Amino acid sequence: GVKVEQVLTTHHHWDHAGGNEELNTKAPGMKFYGGDDRIGALNKTVAHNETFNIGSMKVTCFETPCHTSGHICYLVEGEGADPAVFTGDTLFAAGCGRFFEGTAPQMYRALIEILSSLPDNTRVYCGHEYTAQNLKFAKHVEPDNLAVLAMIEEVAKKREAGEPTIPTTIGQEKTFNPFMRVKESGVQKFAGCSDPVEVMKVIRSAKDKFRG
């Protein structure tokens, strides 16, 4: 079997951290990493760009506040495998999280300045399987984006086969995720403005109201 010794928690919401305290009672001495005191059983508070190892794997922490004020994304790198980033509710496949406790400039920094700078082959493991619905909005924003249209077909086939649509990669997200494409003319045209931070704000507001 597998012995769980360390838990990486992206944020405090119950559907991401709800099992921590029970785990802690069943296996005392475990390390629970996170960036928010509201996370259950938290005993290892991390900071931006902090690194540590889990076995032979290197973990780098990124502060990505917006969905929640203490949200952390974790980049995991190991020899012989593509890097992977665990993005919780900050970056979704073809989407991003709601701005519950933050602002458009914060999400811009998280998605464009931090996550977009990762290698294109970085696998993206997000917290929810929202890909199909997110792609409907992506098509609404950029109806002629061939990458969006191709991904819609791919996701439909995977879902029909009962397969997950996660992970994608950072490189893929840059081609079809409107929130990673706020500097692109097509997304700016939809938003009616050219400042990428304002574009982020406008399209998130549009997504909040979108019913597809």
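Which residues have the most contacts inside the largest nonpolar core? They are Met107, Leu111, Leu115, Met200 and Ile203, and the core they belong to has 30 residues. The structure is a predicted model, in which local features need pLDDT of at least 70, side-chain atom pairs count only at pLDDT 80 or more, and totals for chains, interfaces and linings use all residues. Residues are numbered from 1 along each chain as its sequence is written, and side-chain values use heavy atoms, with hydrogens and water left out.

Start with the core. A nonpolar core here is a set of buried Ala, Val, Leu, Ile, Met, Phe, Trp, Tyr and Cys residues joined through side-chain atoms within 4.5 Å. Buried means under 20% relative accessible area, exposed means over 50%, and partly exposed is in between, with a 1.4 Å probe and protein chains only. In soluble globular proteins, nonpolar side chains tend to be buried together.

Helix 3 gives the most, with seven residues. Helices (H or I, at least four residues) and strands (E, at least two) are DSSP runs, numbered from the N terminus.

Contact means heavy atoms within 4.5 Å. Leaving aside neighbours within four places in sequence, Met200 is in contact with Phe99, Ala104, Met107, Tyr108, Leu111, Ile112, Phe179 and Val182.

Now turn to charged pairs. A salt bridge is a side-chain nitrogen of Lys or Arg within 4 Å of a carboxyl oxygen of Asp or Glu. By this rule the count comes to 10. One of them joins Lys3 and Glu5, at 3.8 Å from N to O. Lys3 counts as exposed, because its relative accessibility is 68%. Glu5 has 43% and counts as partly exposed.

Glu142 lies in the loop between helix 4 and helix 5, and Arg181 lies in the loop between helix 6 (170–176) and helix 7, so the pair ties together parts that are 39 residues apart in sequence. Elsewhere, salt bridges that share partners join Asp36, Arg38 and Glu101 into one network.

Glu129 pairs with Arg159, their closest N and O atoms being 3.9 Å apart. The pair links distant parts of the chain, 30 residues apart. Glu129 sits in the loop between strand 10 (123–126) and helix 4, while Arg159 sits in helix 5 (residues 146–160). Both are partly exposed: Glu129 has 32% relative accessibility, and Arg159 has 43%.

The backbone oxygen of Glu163 lies 3.2 Å from a polar atom of the Arg159 side chain. Beyond the neighbours within four places in sequence, Arg159 is in contact with Glu129, Pro164 and Thr165. Asp195 is another matter: Arg159 and Asp195 are 36 residues apart in sequence and 36 Å apart in space, C-alpha to C-alpha.

Thr165 counts as buried, because its relative accessibility is 1%. A polar contact is a pair of N or O atoms within 3.5 Å; within protein, one must be able to donate a hydrogen and the other to accept it, and residues adjacent in sequence count only if both atoms are side-chain atoms. The Thr165 side chain makes one with the side chain of Glu129, at 2.3 Å. Another, of 2.6 Å, joins the side chains of Thr165 and Thr131. Leaving aside neighbours within four places in sequence, Thr165 is in contact with Glu129, Thr131, Val155, Lys158 and Arg159.

On a 1 Å grid over the protein atoms alone, a pocket is an open set of points where a 1.4 Å probe fits, with protein on both sides within 12 Å along at least five of seven lines; lining residues have an atom within 4 Å of a point. Grid points are joined across faces, edges and corners, and a volume is the space filled by probe spheres set on the points. The largest pocket has a volume of about 280 Å³. Of its 18 lining residues, the closest to its centre are Phe92, Gly97, Arg98, Tyr130 and Arg204. Helix 4 and helix 8 are the elements that give two or more residues to the lining. The largest share, three residues, comes from helix 8.
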